[in-house]
Amino acid sequence: VSNLEKGSVEKKLLDRNSKQQAAEEEQDDNEEDDTKLPPSLPNTFPSIAYDDTAPAPRQEIEAHSKKGLLGGTRFTTSFVSHLVREYVRDHGINDRRRKKKKYPTDAEFLVLSQQMLKAIPVYPFTNKYFVYRCVDFKKQSEVFWFKEQMESGKLFQDRGFTSACAFTPDQQWERADLSSDFCSMNAYIAIRSKSGRLIRPFVKRDAAKREWEVLFCYNTTFKILSFEDTKPGEEHRARDWGRYRIVMEEVS
């Protein structure tokens, strides 16, 4: 993230300890291989259908969005907003991490982002409610990979930052005050969050505010709970409005 180099006085937050963490992060990436992937689990997952999931009540989400940073953090609201803005402006770091490519400032940004997310209150609706992610898969084999993970009991780790919305795709489409940019994608994923953070309080642009984004740190691990193809036997198409329905739960 090139603008990270421009920084303000708050850039000094990246002290010697943080720089050491950045070096360790880069070393971990250099050493990373498949042996570090999470282990398989027995196929005893608690299945839940996508249609049985629900988001938290809007008033509770809005109340949570009014909370500021956690006490005791060394980050200021303005610096958190700066980091969030850099992420929202350019998601390229996700593509690079998933393809195991690098950019000179990535390790530094990863350390700062990890610390930033720890300074934001955890999205609190863990046990009962879900957040929602929309993805458009170009190939059916890509989306059926989730079905294979479910059937084998394996865990799924996302090397990039995983983003979701506090509201369902149906709510996103029906409400004028929510972004509907992702509703036409062919896969809807409901996620039971444990460590996701609502970053809306720290975004400035109206378009970003309408997304009500819940962000998970890079390398978060998930378990696939259910998979449904609502049009079995039909040709796979992009922009097929939630044809595939997936439910997964954050593990770590």
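Reader: Is L112 buried or exposed, and in which helix does L112 lie?

Author: This is a predicted model. The relative accessibility of L112 is 0%, and buried means under 20%, so L112 counts as buried. The helix that holds L112 spans residues 106–119 and is helix 5.

Reader: How far apart in space are L112 and V80, C-alpha to C-alpha?

Author: In sequence, 32 residues separate L112 and V80. In space, their C-alpha to C-alpha distance is 9.4 Å.

Reader: How many disulfides does the structure hold, and how far is C134 from the nearest cysteine sulfur?

Author: A disulfide needs two cysteine sulfur atoms within 2.5 Å. The structure holds 0 disulfides. C134 is in none, and the nearest cysteine sulfur, that of C183, lies at a distance of 5.9 Å.

Reader: Are C134 and C217 buried or exposed?

Author: C134 has a relative accessible area of 14%, and for C217 the relative accessibility is 17%. The cut-off for buried is under 20%. C134 is therefore buried, and C217 also counts as buried.

Reader: How many salt bridges are there, and which residue pairs with E86?

Author: The structure holds 14 salt bridges. One of them involves E86, with closest N and O atoms 3.1 Å apart. The partner of E86 is R89.

Reader: How are E86 and R89 placed along their helix, and is each buried or partly exposed?

Author: Both lie in helix 3 (residues 77–89), 3 residues apart, so about one helical turn separates them. E86 has a relative accessible area of 2% and is buried. R89, at 46%, is partly exposed.

Reader: Which residue forms a salt bridge with R96, and which helices does the pair tie together?

Author: The closest N and O atoms of this pair are 2.9 Å apart, and the partner is D106. The two residues are 10 apart in sequence, R96 in helix 4 (residues 92–98) and D106 in helix 5, so the pair ties together parts of these two helices. Both R96 and D106 are buried.

Reader: Where in the chain are R98 and its salt-bridge partner D158, and which of the two is buried?

Author: R98 and D158 form a salt bridge with closest N and O atoms 2.8 Å apart. The pair links distant parts of the chain, 60 residues apart: R98 is in helix 4, D158 in strand 2 (residues 155–158). R98, at 38% relative accessibility, counts as partly exposed.

Conventions: Residues are numbered from 1 along each chain as its sequence is written. This is a predicted model: local features need pLDDT of at least 70, side-chain atom pairs count only at pLDDT 80 or more; totals for chains, interfaces and linings use all residues. Side-chain values use heavy atoms; hydrogens and water are left out. Buried means under 20% relative accessible area, exposed over 50%, partly exposed in between (1.4 Å probe, protein chains only). Helices (H or I, at least four residues) and strands (E, at least two) are DSSP runs, numbered from the N terminus. A salt bridge is a side-chain nitrogen of Lys or Arg within 4 Å of a carboxyl oxygen of Asp or Glu.
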